[in-house]
Each structure stands twice: as structure tokens, then as C-alpha cells.
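This short report is meant for someone meeting the structure for the first time. Please look over the sequence and the model before reading on.

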Amino acid sequence: MTRSLAVNETEPSHAHQNRNLPLFRRLTFGVGHFFNDMCASMWFSYLIVFYHLVLGIDNSLAGTLLLIGQIADACATPVIGYLCDNTRSRYGRRKIWHLAGSVMVAVSFFFFWHHCLDCQNAPSRLQILYFSSFIVVFQVGWAAVQIAHLALIPELVSNENDRVGLNSIRYGFTIISSVVVYGAMWGLLIRFGVLTEGRINAQDEWIFSGTALGIIGVGLAFTAVFHLFTNEPSTAQQQNTEMARGLSKAWYTWFLSPQFYLVAIIYMTTRLVVNFSQVYTPLYVLDTLLLDKGHVATVPLATFIASFITAVAITYLVALIVLAGSLILLYYQKPPNSVGEIVGVYEAMVLLGIGGTILYVTSLSMVADLIGFSVGSSAFVYGVMSFADKLFNGVAVQIAQALHPCADASQNCGTYYRQLLVFVPAGAALVALVSLVLLAFLLRNAVKNRVKLTAVS
């Protein structure tokens with residue numbers, strides 16, 4: 001959709017359009033978000049589970065913690081995006097923010113996957129304050145890494161297919177990182193099988209804390225690979241290219257573009273489908289399907305393995321159909337009484353993973369296409385998109401937790417989790433579909449007008 005989304009931009013020269021990146025450099029770029037992605041898998045899949053079932057914090061406060069993190073991320077992203085676009089550094093305006101963010105993530109991540117140090121018996125609200133301080137540091141750092149990494153895409157490659165390919169490689173490593181996290185959780189549960197029966201409880205705290213430490217170690221190693229082998233184009237190079245072609249775009253002018261708002265809605269609702277499903281899949285597995293806690297690792301693991309082998313050439317519309325099929329299966333799924341019925345659960349989750357993967361990769365490509373060759377403000381655009389995404393996700397989860405009908409972890413809320421996992425992603429997908437139709441109509445008219453102007457000239 002590059003050509004359509006950028007209908008008002010001057011076409012670059014053939015030489016500039018074919019700015020290529022060797023495969024090795026594409027791969028070393030792709031691992032630059034590996035640390036963030038492992039943290040995100042833990043954050044969305046297990047935060048509510050950990051605080052409610054392990055630490056015994058009530059549903060509403062557990063949702064508040066996630067909301068605090070999402071608000072911190074949402075507020076940080078546009079600010080970091082603007083600063084990142086206007087940073088001058090010999091190390092690289094993107095890479096310096098990526099490095100700073102990685103350090104913040106590394107020093108804070110462990111502390112909110114472990115009970116409150118020296119305040120374990122304090123009131124819940126004081127513990128929330130303790131955990132929130134580390135969560136805010138983590139989320140600001142996470143935002144810096146995300147924005148810097150995304151903003152590099154239109155700077156490293158300029159061809160439409162290359163951008164989609166780079167996004168696919170990036171998301172491929174996202175899937176691998178999730179498989180690593182869920183595989184580690186599964187391995188720990190299998191190795192210490194005495195703890196795997198029944199629901200997750202306070203005895204399982206060390207599994208979450210140990211996994212968090214492992215994520216920090218592995219994540220820092222991949223971050224080092226990214227910084228050693230990814231060469232960022234100089235700021236002067238980017239500015240000269242943009243100014244020479246009249247493509248430099250001030251950050252505030254994006255708010256005058258209708259396409260900007262429609263792409264933001266598509267990206268935001270797509271992220272809600274993916275993230276909301278991650279948050280409530282473990283609880284759906286435990287309370288709705290009444291499976292043992294080993295499946296809180298294997299069900300997401302199967303989902304992401306299926307995502308990894310998904311062909312990204314499938315269109316956004318087909319992905320919505322796949323997603324609809326998976327949600328219908330999940331809604332009518334009953335607690336399994338046989339191996340065949342358990343397989344049915346995994347089949348539905350696999351479809352959910354495939355649909356979510358295609359939607360996310362395509363929406364990221366839409367954002368890159370919207371930016372086109374105006375790379376000077378790309379970090380700001382990604383920041384605004386991420387702001388809407390994080391805030392929308394945080395508010396959605398907080399509302400779901402505030403409306404939770406169960407007072408404590410001992411109660412079963414299977415019907416509620418079934419409704420959440422099906423109806424919220426379905427509603428988000430419907431909004432995305434309407435926005436996609438409006439975007440297509442808007443772009444079609446823009447192309448027609450451009451043809452008419454060309455004919456008149």
C-alpha cells in the first residue's frame with residue numbers, strides 16, 4: 001500500500017528506491033527488538049495471572065498495575081519519538097535511544113516479577129506503589145527501544161517490498177522470542193511436575209522470577225548483537241536525501257492527514273486483538289476450560305509456533321476471516337474431557353495466532369507505508385501510533401478487571417473469560433474492518449483526483 005498511502009509524495013529516484021540491505025544486516029536488525037518482545041510476552045500473558053493468583057492482589061488492582069504501565073508507555077512514546085527525531089549523536093540518533101532504553105528495561109524488569117522486597121506484608125496499595133515505580137521505568141525504557149527500532153525501518157530500506165520483508169523478519173523474531181518465553185515456562189513446569197497440578201498459586205512465584213532473570217540475560221545478549229552489527233545511516237545523509245526531494249515533513253503536519261487517523265485506528269485495534277488475547281488466554285485456559293496450569297504455557301506456545309510458520313502474504317481481510325473463525329470456535333469450546341477435545345482447543349488457538357500475526361504485520365507495514373520517504377519524522381509517527389495502542393489496551397484491560405464478577409482467586413469465572421476473549425477482539429476487528437474500508441475509499445478518491453490533476457496539467 002506504499003504507493004497509495006503516499007500519493008502526495010514525490011517519487012524517489014530509482015537508485016534511492018532500491019536501497020538494499022544484505023540479509024545478514026536484516027537479521028541483526030531483527031534481533032534488536034528481541035529483548036523487548038520477550039518482556040512483552042511475559043507482561044501481557046502473565047501479569048494479571050502473577051499478581052492475582054500468585055501474590056493474591058485483587059483483580060481491580062492487578063488491572064491498575066497494567067494500566068499504569070500502559071499509560072507510562074503511552075505518554076512516553078510520542079515524547080521519545082519527537083526527541084529521537086531531533087537527537088544528534090555520533091552513535092546514531094536511533095541507536096542511542098535504543099541503548100538507553102535497553103539499560104532501563106534490564107535494571108527494572110526483575111523487580112515486578114518478585115514479591116515486594118522488605119514490604120511483603122504491607123497493604124496491597126503500598127505494594128502497588130512499589131511495583132509501579134519499577135513498571136514505569138520499565139515501560140519508558142521499553143518505549144524508547146520500540147520507537148528507535150521501528151524508526152530505523154524506513155531509514156534502512158526504502159522499497160515497499162523491502163519494508164514489508166524487514167517488518168516480517170522483525171515480527172519473526174517476535175514470534176521466536178515468545179516461543180522462548182513460553183518454552184521456558186513449560187520447561188520449568190515439566191521439570192518440577194509436582195507443582196503443575198491444579199491452579200497457579202504462591203508456590204509458583206519462583207518460576208516467574210526465574211524466567212524474568214533468564215529474559216534479562218538472553219535479551220542483553222541479543223541487544224549487543226544488534227548494536228555491534230547494525231549501522232544506522234547518518235543524520236546528515238537522511239536530511240540531505242529528504243531536503244533534496246522535498247520530502248521533509250514537520251511532525252505537526254501529520255495531524256492534517258485523514259489517512260493518519262485511519263491507519264492509527266487500524267493499528268490500535270489490531271494491537272488490541274493481539275494483546276487482549278494474550279492477557280486473557282491463560283485465564284481462559286484455567287477457568288473456562290479447567291485445564292491444569294501446564295497449559296498456560298503450552299497453549300500460547302502452540303499459538304506462536306503457528307504464527308511463526310504463517311505465510312505473511314495473506315491479506316488483512318483474509319486474516320480477519322481467520323480471526324472470526326477462531327473466535328467462534330473459542331466461544332463454543334467446552335471443558336475438554338478427552339485428548340481429541342484438547343486438540344480442538346489448540347486448533348482454535350492456532351487460528352487465533354495466525355489471524356493476529358497477519359493483522360499485526362500488515363498494520364505495521366501500513367504505518368511504514370504512510371511514512372513513505374518522510375523518515376525525518378518517522379519516530380514521531382510510530383510514537384503516536386504506540387500512544388493510541390498502549391492507552392487503548394490499558395483502558396480495555398482495566399475496564400475488564402473492574403467489571404470482574406469474582407471477588408478472589410478461589411472463584412471460577414469461566415463464562416466471563418470466555419466472553420472477554422471472544423467479544424472484545426471481535427469488536428476491535430469490526431472497527432478495524434470499517435476503518436480499512438474507509439481508508440480504501442479515501443485512497444481511491446485521492447488517486448482519482450491526482451489522475452485528474454495530471455490530465456489537466
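## Basis and overall make-up

Helices (H or I, at least four residues) and strands (E, at least two) are DSSP runs, numbered from the N terminus. The model is predicted, with local features needing pLDDT of at least 70 and side-chain atom pairs counting only at pLDDT 80 or more, while totals for chains, interfaces and linings use all residues. Residues are numbered from 1 along each chain as its sequence is written, and side-chain values use heavy atoms, leaving out hydrogens and water.

The chain holds 16 helices and zero strands. Of its 457 residues, 57% count as buried, where buried means under 20% relative accessible area, exposed over 50% and partly exposed in between (1.4 Å probe, protein chains only).

## A nonpolar surface patch

Val79, Tyr82, Leu83, Trp251, Tyr252, Phe255 and Tyr261 make a nonpolar surface patch of about 690 Å². Helix α5 (residues 59-85) gives the largest share, three residues, whereas Tyr252 lies in the loop between α10 (235-245) and α11 (258-288).

## The disulfide

One disulfide, a pair of cysteine sulfur atoms within 2.5 Å, is found in a search of the whole structure. Cys116 and Cys119 form this disulfide, with their sulfur atoms 1.4 Å apart. Cys116 is buried at 1% relative accessibility, and Cys119 is buried with a relative accessible area of 19%.

Notes. Patch = residues over 30% accessible without salt bridge, like charges linked within 9 Å, V, L, I, M, F, W, Y side chains within 5 Å. Areas by Shrake-Rupley, 256 points an atom, 1.4 Å probe, with all protein chains shown as cover. Salt bridge = Lys/Arg side-chain N within 4 Å of Asp/Glu carboxyl O.
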